[in-house]
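Trainee: I would like to learn how to read a few features of a protein model. Could you take me through them in order?

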Amino acid sequence: MRTLVLGRTPARVTAVLDALRADGFDAEGVSTDEEARKLLETAEFGVLVIGGGVGPDSRAAIKELAAQYQVRRVIDGALAEPFDAYVRREFEPLIRETAAG
């Protein structure tokens, strides 16, 4: 199941992707709403992770679009260091649960 990560800080998006990919997850990451829209419109993503830096208006619009394209789970995240440990503790169990469901 593909995961899309949207975050405003490219370095943090990269850190999330590095952790997910190292653990065998198929993940793509972007920093702008436009990039996220284009990818969501492919209908290839089952999970969307939205970073803490994404503002309320953008967050609401992206969640609405995700629902239109049958994204099965939206995870609201705000990274804490160390990033890899946070991803493994907070995001990966939810992605696995969604994939199994």
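Mentor: This is a predicted model.

Trainee: Where does Tyr 86 lie, and is Tyr 86 buried or exposed?

Mentor: Tyr 86 lies in helix H4. Its relative accessible area is 12%, so Tyr 86 is buried, the limit being under 20%.

Trainee: How should I read a nonpolar core?

Mentor: In soluble globular proteins, nonpolar side chains tend to be buried together. Here the largest nonpolar core has 17 residues, and those touching the most other members are Val 5, Val 16, Leu 20, Leu 79, Val 87, Phe 91 and Ile 95. Helix H1 (10–22), strand S3 (45–50) and H4 are the elements that give two or more residues to this core. Apart from it lies another core, of 13 residues, including Leu 4, Leu 6, Ala 36 and Leu 40.

Trainee: Which residues does Val 16 touch, not counting those up to four places away in sequence?

Mentor: With that exclusion, Val 16 touches Val 5, Leu 79, Val 87 and Phe 91.

Trainee: Which contacts does Leu 17 make, with the residues up to four places away in sequence not counted?

Mentor: Leu 17 is placed in helix H1. On that count, Leu 17 touches Val 5, Ala 27, Glu 28 and Gly 29. Leu 17 and Gly 29 are 12 residues apart in sequence, and 6.7 Å apart in space from C-alpha to C-alpha. Leu 17 counts as buried because its relative accessibility is 8%.

Trainee: What about a charged residue in a helix? Is Glu 92 buried or exposed?

Mentor: Glu 92 is found in helix H4 (residues 83–100). Its relative accessibility is 3%, so Glu 92 counts as buried. Leaving out residues up to four places away in sequence, Glu 92 touches Ala 19, Leu 20, Asp 23, Phe 25 and Val 87.

Trainee: Now a strand. Where does Leu 48 sit, and which residues does Leu 48 touch?

Mentor: Leu 48 lies in strand S3. With a relative accessible area of 0%, Leu 48 is buried. Not counting residues up to four places away in sequence, Leu 48 touches Leu 4, Ile 62, Ala 66, Val 71, Arg 73, Val 74 and Ile 75. For a distance along this chain, the C-alpha atoms of Leu 48 and Gly 101 are separated by 16 Å, and these residues are 53 apart in sequence.

Trainee: How is empty space found in a model?

Mentor: Rolling a probe the size of a water molecule over the atoms shows where empty space is left. In this case, about 190 Å³ of space lies in the largest pocket. The pocket is lined by 17 residues, and the closest to its centre are Gly 7, Arg 12, Gly 51, Gly 52 and Leu 79.

Trainee: Which elements give two or more residues to the lining of the largest pocket, and what kinds of residue make up that lining?

Mentor: Those elements are strand S1 (2–6), H1 and S3. The largest share comes from H1, with three residues. By kind, the lining of the largest pocket divides into nine nonpolar, six polar and two charged residues.

Trainee: Last, what should I look for in the backbone?

Mentor: Most residues other than glycine have a negative phi, and most peptide bonds are trans. In this model, a cis peptide bond joins Glu 81 and Pro 82, with omega about -10 degrees. Pro 82 is placed in the loop between strand S4 (73–76) and H4.

Trainee: And where are Ala 43 and Gln 70 found?

Mentor: Ala 43 is in the loop between helix H2 (33–40) and S3. Its phi is near 60 degrees, a positive value in a residue other than glycine. At 47% relative accessibility, Ala 43 counts as partly exposed. Gln 70 is in the loop between helix H3 (56–68) and S4, and has a positive phi of about 55 degrees although it is not a glycine. Gln 70 is exposed, with a relative accessible area of 59%.

Definitions and conventions: Residues numbered from 1 in each chain as written. Predicted model: local features only at pLDDT ≥ 70, side-chain atom pairs only at ≥ 80, totals over all residues. Heavy atoms only, no water. Helix = DSSP H or I, 4+ residues; strand = E, 2+ residues; numbered from the N terminus. Buried < 20%, exposed > 50% of the residue type's maximum accessible area, 1.4 Å probe, protein only. Contact = heavy atoms within 4.5 Å. Core = buried A, V, L, I, M, F, W, Y, C linked by side-chain atoms within 4.5 Å. 1 Å grid on protein atoms, 1.4 Å probe; cavity = no way out; pocket = protein on both sides within 12 Å on 5 of 7 lines; lining within 4 Å. Points joined across faces, edges and corners; volume = space filled by probe spheres on them. Nonpolar A, V, L, I, M, F, W, Y, C, P; charged D, E, K, R; others polar.
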